[in-house]
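Please open the model in your viewer with the sequence panel alongside, and follow the selections below in order.

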Amino acid sequence: MAETAGPENLIVLDGVEKVFDVRKKTGFLRRERRQVRAVDGISFTVPRGEMVGYIGPNGAGKSTTIKMLTGILTPSGGRLRVAGIDPSRERTRLARRIGVVFGQRTTLWWDLPLIDSYRLMHRMYRIPDARFRENLDRCVELLELGALLDVPVRQLSLGQRMRGDIAAALLHDPEVLYLDEPTIGLDVVSKAKVRGFLRDLNAESGTTVLLTTHDLTDIEQLCRRVMVIDHGRLMYDGALAGLHEVGESERTLVVDLERELPPIDAGSARVVRVEGPRQWLAFPAAESAAPLVARIAAEYPLADLSVREPDIEAVIAKMYAEKTNS
Amino acid sequence: MHVRTGRFRLYAAVAQSAFRRYATYRIATAAGVFTNTVFGLILAYTYIALWDERPGLGGYDQAQAVTYVWLGQALLTVMALMGGGFEAELIERIRTGDIAVDLYRPADLQAWWLATDAGRGLFQLLGRGVAPMAVGALVFDLALPTEPLRWLAFAVAVALGVLVSFAIRFLVALSAFWLMDGAGVTQVAMLAGTFFSGMLLPLNVFPGVLGEIARALPWSALLQLPADVFLGTVGGADLLGTYAFQLGWAVALFAAGRLLQAVATRRVVVQGG
């Protein structure tokens, strides 16, 4: 209670650990107890108003961290504060100040029209009537929910449901918003809508956002800072460009030529694969693709091309390998 | 005071939502009414045959016995005697990990689901209770209360019964935190509910120790006791004793539920990523 995170740091983690006891059957009646360190001593702070990406492969400890930040899991060790509150001890008090969106789950009531879920939120978070109406109107407008309010949630598409879920998390003006995979499974248009909304939200309301995702484009478009977690440890905390440098990750330019040609010669990019008239060129992710594209277009009979972003798992795997080698 | 009214408004809204949710499934409700009516007819003729052989069995005359049958049909879904309440949904949420969503809300898990179940119970009393009872009253001579006060006394006994019924099923549902598969416990609870509530035969009929035990278990608060209030076999000071019995079980089982909830949410891993 007496602890405050200060106006600067809304989220504070100091050596936070979460250890699960896993019992495994090894024979008839015989069990082996094993400890799994899902989160193994993580420390970071997030200042008010920042939008941070929190990424890592499956099972890295992302969701466990988020669950501790909401208070539904108690840390095994270390210190954790959100808006000055110890989440697991004062879960309900914290709940009024945070918003949570789990991309793979919904907070909406399946059988009821969307608007009914919002009415329940109104009561649950005891939002003053005028405030509720104002927030709802804004979300409905920006997330294009107007035509969906009377539709039962089970009839919504995934993208519509996700927008509905994001609105539900924001009606009570949370200071912190946790987004766990908010664009998972969405099509390109829906992804763009969600990202645009989040960017505006952060810029206009100053809501602090912690975003976990598998999609590096989410991070590129939304976050200046990214944290990478693997095996329960923080591997990287800094700018996204720096992550590419540390991980030496590469983007891929897929070039379709008008006919089969020998491998393209284009400076720092190297050809990693040739299949008929199609060639794959790898180049450093931190570099712009524009000069490379211009050069190829000028020197070769180009039919089509596309750029593929580095796979986040590959970046992290590379980073992890380097850390353990050094 | 402000906090208290805020809380009341939330749970009232939850109950209202649950009511509306069940009300949207009209065909299912109509089918349920039909089933209840058919079962009521079969059971009623069985009871008539039984009471013809043994008049006054369990202290009921034939009209009271037949009335008991229709009360059972009316309260079957209200008390979720054979399942069909919130518990299947809660078990599923625990199994899939969706329970995480419920836990980060600023609402109490037990109160939340109680409100849900109360809304469902009220809908099923109106939607599935009244119609079969009316059919029963048309076809048979039922022993309906004549004094308005007894209807009121019955309503109180039903409300208390709903509390006990909820509290039992809440415990059943929370077991999913440890078992991960609620099917077994749900089956056992359904069997126990059907038998010990007096759904098959009034508990008054059972002699000896088995009868004593059956009447002392919480399930008797769900059907046997409300029926006795309705039929007028308990009244006056006995009525207070009946309420005390129901309330006692409700308090004990709610406390057990709270305890289990605290242990479950503190110790058990919430499933899934």
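Start by selecting Gly71(A), which sits just after helix 1 of chain A and takes a positive phi of about 95 degrees. Bear in mind throughout that this is a predicted model.

Now step back into helix 1 of chain A itself: nine of its nine residues are buried, so the helix is largely enclosed by the rest of the structure.

Next, display the contact between the two chains, to which chain A brings 26 residues and chain B brings 21 residues. On the side of chain A that touches chain B, the elements giving two or more residues are helix 1 (62-70), helix 2 (91-95), strand 5 (98-102) and helix 3 (114-124) of chain A. Which of these gives the most? Helix 3 of chain A does, with five residues. If you colour this side of chain A by residue type, you will find eleven nonpolar, seven polar and eight charged residues.

Move to chain B and select its helix 3, residues 62-75, whose 14 residues reach 20 Å from the first C-alpha to the last, close to the 20 Å expected at 1.5 Å a residue. Twelve of the 14 residues of this helix of chain B are buried, so it is largely enclosed by the rest of the structure; including Tyr68(B), Trp70(B) and Gln73(B), the buried residues can be picked out one by one. To see what covers them, show helix 2 (26-53), helix 6 (109-139), helix 7 (148-174) and helix 11 (224-231) of chain B, which are included in that cover.

Staying in chain B, select the stretches to which an unreviewed UniProt entry gives the feature "transmembrane region", namely residues 27-48, 68-86, 151-179 and 191-210. Over residues 68-86 of chain B the span is 42% helix and 0% strand, with its end C-alpha atoms 26 Å apart, whereas residues 151-179 of chain B are 97% helix and 0% strand, with end C-alpha atoms 42 Å apart.

Finally, return to chain A and select strand 10 (residues 250-257) together with strand 12 (residues 278-284), which pair in the antiparallel sense over seven bridges; Asp256(A) has Arg278(A) as its bridge partner in strand 12 of chain A. End at the hairpin of strands 11 and 12 of chain A, where two residues lie between the strands and Gly276(A) takes a positive phi near 60 degrees.

Conventions: Residues are numbered from 1 along each chain as its sequence is written. Chains are lettered from A and ligands numbered from 1 in the order in which they are written. This is a predicted model: local features need pLDDT of at least 70, side-chain atom pairs count only at pLDDT 80 or more; totals for chains, interfaces and linings use all residues. UniProt positions are given in the numbering used here, feature names are shortened, and annotations may be inferred rather than shown by experiment. Helices (H or I, at least four residues) and strands (E, at least two) are DSSP runs, numbered from the N terminus. Two residues are in contact if their C-beta atoms, placed from the backbone, lie within 7 Å. Ala, Val, Leu, Ile, Met, Phe, Trp, Tyr, Cys and Pro count as nonpolar, Asp, Glu, Lys and Arg as charged, and the others, Gly among them, as polar. A residue is buried if 20 or more other C-beta atoms lie within 10 Å of its own, exposed if 12 or fewer, and partly exposed in between; C-beta atoms are placed from the backbone. The expected span of a helix is 1.5 Å times one less than its number of residues. Two strands pair if DSSP finds at least two bridges between them.
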